[in-house]
Amino acid sequence: MRKALTIGTAITFVAATAMWLATSVSAQGGGTVEVEVKYNGPAKVDKLKVNKDTEKCGTETAVEHVVVGANKGLANAVASAPGAKGASKAKAVIDQHGCKFVPHVVVMQPGEIEIKNSDDILHNIHTYSTANAAINKAQPKFKKTMTEKFEKPEMIKVTCDVHSWMLGWVAVVPGPAAVTDGNGVAKIENVPAGKQKIEVWHEVLGKQDKEVEVKAGQTTKVSFEMKGK
């Protein structure tokens, strides 16, 4: 009798745990969208000689406009679910390291971004935007971090007036988003279940979107192929 009671209790516990997990997933209502972006065209990377601050910048640099992997995967594309809610509110960070913006493309929710200067030399942050106020500020070597605000969705170009080859982007998006890696893959986490528009943007190749059906607790895959301009 005691063994039967123990087994019955265990079954009840397992059933209750399964129900709790199902309720938890349902309550969260989130799934993952794995976005693959391909480009069947040539890479566009400008190699330039450097003759300023070479001790930090090196003597040659590469400006990455279109980066294509071995499998035709397109790097540095922003994949987002612009109509979805529940994205992370973590503060975005962009660094100036080796006289490059790292990462080349950073995604953020409307709010604050931390701008770092890891080079120990003078940089100048210059942003180009229309919805948000433009920034044009010197960042001396002793000013390791600056905090700025971008409160409206927009793709913002970032340059440095001291080092003309430096180029980066800040993607201010209202919903969950991610940037494709060297294989052209980005995983958008915590996308609410249901039909969602997935949008892909690239600095040179433009923008595309598709509608997908997101399921709670599952990964939905969607593919894009960008066209040359």
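The stops below pass from model confidence to cysteines, aromatic rings, charged pairs and one proline.

**Before selecting anything**

This is a predicted model, in which local features need pLDDT of at least 70 and side-chain atom pairs count only at pLDDT 80 or more, while totals for chains, interfaces and linings use all residues. Residues are numbered from 1 along each chain as its sequence is written, and side-chain values use heavy atoms, with hydrogens and water left out.

**Stop 1: confidence**

Colour the chain by pLDDT, the predictor's confidence in each residue on a scale from 0 to 100. The average for the protein is 88, and 86% of the residues score at least 70. Next, select residues 1-27, where pLDDT stays under 50. For this segment the model has 3 contacts beyond four places in sequence, a contact being heavy atoms within 4.5 Å. Where pLDDT is low, the predicted coordinates should not be read in detail.

**Stop 2: the cysteines**

Select C57 and C99, and display their side chains. A disulfide joins these two residues, with an S to S distance of 1.9 Å; the criterion is a pair of cysteine sulfur atoms within 2.5 Å. By this rule the structure has 1 disulfide. The pair links distant parts of the chain, 42 residues apart: C57 belongs to helix α2 (residues 54-57), and C99 to the loop between β5 (92-97) and β6 (100-102). Helices (H or I, at least four residues) and strands (E, at least two) are DSSP runs, numbered from the N terminus. Viewed along the S-S bond, the link of C57 and C99 is left-handed, at -55 degrees. Both C57 and C99 are buried; buried means under 20% relative accessible area, exposed over 50%, and partly exposed in between (1.4 Å probe, protein chains only).

C160 is buried, at 2% relative accessibility.

**Stop 3: aromatic rings**

Select W169 and W201. The structure holds 1 aromatic pair, and W169 and W201 form it edge-to-face, at 5.3 Å centre to centre with 65 degrees between the planes. Rings of Phe, Tyr and Trp (its six-membered ring) pair if their centres lie within 6.5 Å; planes under 30 degrees apart count as stacked, over 60 as edge-to-face and the rest as tilted. W169 lies in strand β13 (residues 167-172) and W201 in strand β16 (residues 194-202), so the pair ties together parts 32 residues apart in sequence. W169 and W201 are buried.

A charge sits over a ring if NZ of Lys or CZ of Arg is within 6 Å of the ring centre and within 35 degrees of the ring normal. Then select K210 and F224, where K210 lies over the face of F224 at 5.1 Å from the ring centre.

**Stop 4: salt bridges**

A salt bridge is a side-chain nitrogen of Lys or Arg within 4 Å of a carboxyl oxygen of Asp or Glu. By this rule the count comes to 9.

Begin with K187 and E34, whose side chains meet in a salt bridge (3.9 Å, N to O). This pair links parts 153 residues apart: K187 is in strand β15 (residues 185-192) and E34 in strand β1 (residues 30-39). K187 is partly exposed, with a relative accessible area of 48%.

Continue to K91 and E112, which form a salt bridge at 3.5 Å, N to O. K91 is in the loop between β4 (78-80) and β5, and E112 is in strand β8 (residues 111-117), 21 residues apart. K91 is partly exposed at 41% relative accessibility, and E112 is partly exposed at 36%.

Then select E148 and K137, a salt bridge with its closest N and O atoms 2.9 Å apart. E148 lies in strand β11 (residues 145-150) and K137 in strand β10 (residues 136-139), so the pair ties together parts 11 residues apart in sequence. E148 is buried at 11% relative accessibility, whereas K137 is partly exposed at 38%.

To finish this stop, select E34, K187 and K221, which salt bridges with shared partners join into one network.

**Stop 5: P174**

Select P174, in the loop between β13 and β14 (177-179). P174 is partly exposed, at 41% relative accessibility. Which residues does P174 contact, leaving aside its neighbours within four places in sequence? They are P82, A84, Q109, P110 and P153. Lastly, show E154: its C-alpha atom is separated from that of P174 by 9.3 Å, and the two residues are 20 residues apart along the chain.
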